[in-house]
Amino acid sequence: MSETQRRKEAKPEQREEKKSYFAARARIVGEWDDGSGDETAEDACRQVIGAAIEVHRVLGPGLPEVLYEKALGHELTLQQVSHRRQAPVPVTYKGVVVGEGFMDLLVQDRLVVELKVVDDLHPLHLAQVRAYLSAARLRLGLLINFNVPILRDGIRRVINPHTSF
């Protein structure tokens, strides 16, 4: 048997192995649960990621942050996803409100979305999302950096471990 014939015979098996690998990986990813137990937040997360990918596909990287915020807000409106831009969140210190912060987006009153247009995300950006999550007493946030060639490389899920409020 020639080398070419052996390759042809091996290909169906290799294809099946690849299919089973990707099917298993899809099952793992699809069943992955961060323990948030909040399906509304998880659904909002999926909707925002899809909308952000569409915005990035149309606008590309490199524009000012406020333009992505407006475009993402518009895309969420088109998809009939409830959200608020520049949603205020009171900041308390020892029981006293000392001011307020403004989240870029609050989606379905469950998901904090903070947008950036930076070369690299820094721990300070994650700390900002965590601070908003704590102040708003929410579990799940997204940090999205639009200044990347492929948007999935600029998306970070942020979980608030202190949700026993």
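The model is predicted. Its chain has 165 residues, with four helices and five strands. A search of the whole structure finds one aromatic pair, formed by Y68 and F146.

**Fold**
- Along the sequence, the elements run α-α-α-β-β-β-α-β-β.
- Helix α3 spans residues 65-78.
- Strand β4 covers 140-145 and strand β5 covers 155-159, with a loop between them.

**Contacts and surface**
- Of the contacts between residues at least 6 apart in sequence, 56% join residues at least 24 apart.
- Buried residues account for 32% of the chain.

**The aromatic pair**
- Two values describe a pair of aromatic rings: the distance of the centres and the angle of the planes.
- For Y68 and F146, the ring centres are 4.4 Å apart and the planes meet at 10°.
- Planes under 30 degrees apart count as stacked, so the pair of Y68 and F146 is stacked.
- Y68 sits in helix α3, whereas F146 sits in the loop between β4 and β5.
- The pair therefore ties together parts that are 78 residues apart in sequence.

**Burial of the two rings' residues**
- Buried means under 20% relative accessible area.
- Y68 has 0% relative accessibility, so Y68 counts as buried.
- F146 has a relative accessible area of 0%, so F146 is buried too.

How values were computed: Residues numbered from 1 in each chain as written. Predicted model: local features only at pLDDT ≥ 70, side-chain atom pairs only at ≥ 80, totals over all residues. Heavy atoms only, no water. Phe/Tyr/Trp six-rings, centres within 6.5 Å; stacked < 30°, edge-to-face > 60°. Helix = DSSP H or I, 4+ residues; strand = E, 2+ residues; numbered from the N terminus. Buried < 20%, exposed > 50% of the residue type's maximum accessible area, 1.4 Å probe, protein only. Contact = heavy atoms within 4.5 Å.
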